[in-house]
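Q: Could we go through some features of this structure slowly, with the general idea coming before the case?

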Amino acid sequence: MIRDIGSSAVSGPAFPEAFLRTSQAPPLAPSLVRCADAARTRGEPIEASAAPYSRYLLVEVPGPWGGSAPDERHLDAPVARLLAGAAASASANVLLIRRPGRQRPAAGSPRRAWALADTAPDAERVLWGSWERADDLLGLDVAAALPATAAASGPQRVVLTCTNGKRDLCCAVRGRPVAEALAAAPGWDSWESTHLGGHRFAATIMLLPTGDMFGWLDQRSAATAVDRFDAGRLLLGHYRGRSGQPVPVQAALHAAAIRLGDSRRQAFRLIKAEQVAAARPDDAELWEILLSHRAERGAEVTYRVTVARATGSPALLSCTDDLPKAEARYAAISFSRAGR
């Protein structure tokens, strides 16, 4: 939900009940508190926490997975290193994927899927292919523009659920039931995946090719998030933002949706985002975001949202953390109609 919008914000309706988080997983015993429970307890905001990538390479590897991808145990060390290097050069992320549920290793060398996904607004598509030997993956151009014909290569409505238990136990315990539930979602191609980012928001999912991310899900709220997405709306109480979108923009869009009571996916259009000078050198980093909002009935209106960067209190952000960490967050501090 929106935080830190004070007296400088325009008046608006109370936040609709439908936008509040729809479910809460039962907490673990005090001695077994995990990062996802701890984050909820301290009231950490979930909005504006989507991953920074707009390009993804998905590689089907049934597992078991290690703590990071690409996994040298399954892809051969030289291939894994080359894929990681190519992805880094393209500002892309490599994710291992597998079908939900327990799987038995197949005999022989079965063909497995790979996919390149682009979440950029003007290039939302997923290009699919298959591989048998790890060397087959070396011909992939991770940085290449995806052709319009990519849509004919395979599913274009893909849901990834992080279940990477070696990276964080919350992702496995909370993610696997969600992945299995979403496997029944009509029209969606459901996969488990390695780390999507934000262990403490488990269970967390990403929808491709748009890159919309949701967190703190259970089976019921995950199904609701997908159903509302299909209906053209976002489940804002669980919405993390859109992968690849600048975090200050994510914060501004979430603030506008809550303030104006509009969860429609296409309700807002980004006009401009720029960092502005702070009053004093030690003041917070500030961004000014201009958004256009078109109501279901009514004229298009432009709003100005000021977003500030702050550093949260140190906390254990993952079940595997040994020491508390402080993470930067962005939140809207003012919201007004432009030109007033």
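A: Let us begin with handedness: a crossing is left-handed if the near helix is turned anticlockwise from the far one by less than a right angle, and right-handed if clockwise. Helices (H or I, at least four residues) and strands (E, at least two) are DSSP runs, numbered from the N terminus. In this structure, helix 4 passes helix 5 in a right-handed crossing. The model is a predicted one, in which local features need pLDDT of at least 70 and side-chain atom pairs count only at pLDDT 80 or more, while totals for chains, interfaces and linings use all residues. Residues are numbered from 1 along each chain as its sequence is written, and side-chain values use heavy atoms, with hydrogens and water left out.

Q: Which residues make the contact of helix 4 with helix 5?
A: Contact means heavy atoms within 4.5 Å. Helix 4 contributes P177, V178, A181 and L182, and helix 5 contributes Q219, A222, A223 and V226. These residues divide into seven nonpolar, one polar and no charged, where Ala, Val, Leu, Ile, Met, Phe, Trp, Tyr, Cys and Pro count as nonpolar, Asp, Glu, Lys and Arg as charged, and the others, Gly among them, as polar.

Q: At what angle do helix 4 and helix 5 pack?
A: Axes are lines fitted to C-alpha atoms, for helices over the stretch in contact, and angles run from 0 to 180 degrees between N-to-C directions. Helix 4 (residues 169-182) and helix 5 (residues 219-230) pack at about 45°, with their axes 9 Å apart. Angles under 35 degrees count as roughly parallel, over 145 as roughly antiparallel, 65 to 115 as roughly perpendicular and the rest as oblique, and helix 4 and helix 5 are therefore oblique to each other.

Q: Is A48 buried or exposed?
A: Buried means under 20% relative accessible area, exposed over 50%, and partly exposed in between (1.4 Å probe, protein chains only). A48 is buried, because its relative accessible area is 6%. A48 sits in the loop between helix 1 (35-41) and strand 1 (55-60), and its phi is near 55°, a positive value in a residue other than glycine. S91, in the loop between helix 3 (77-89) and strand 2 (93-98), also has phi near 55°, but S91 counts as exposed because its relative accessibility is 51%.

Q: Where is P209, and what kind of peptide bond joins L208 and P209?
A: P209 lies in the loop between strand 7 and strand 8 (212-214), and the bond joining L208 and P209 is cis, with omega about 10°.
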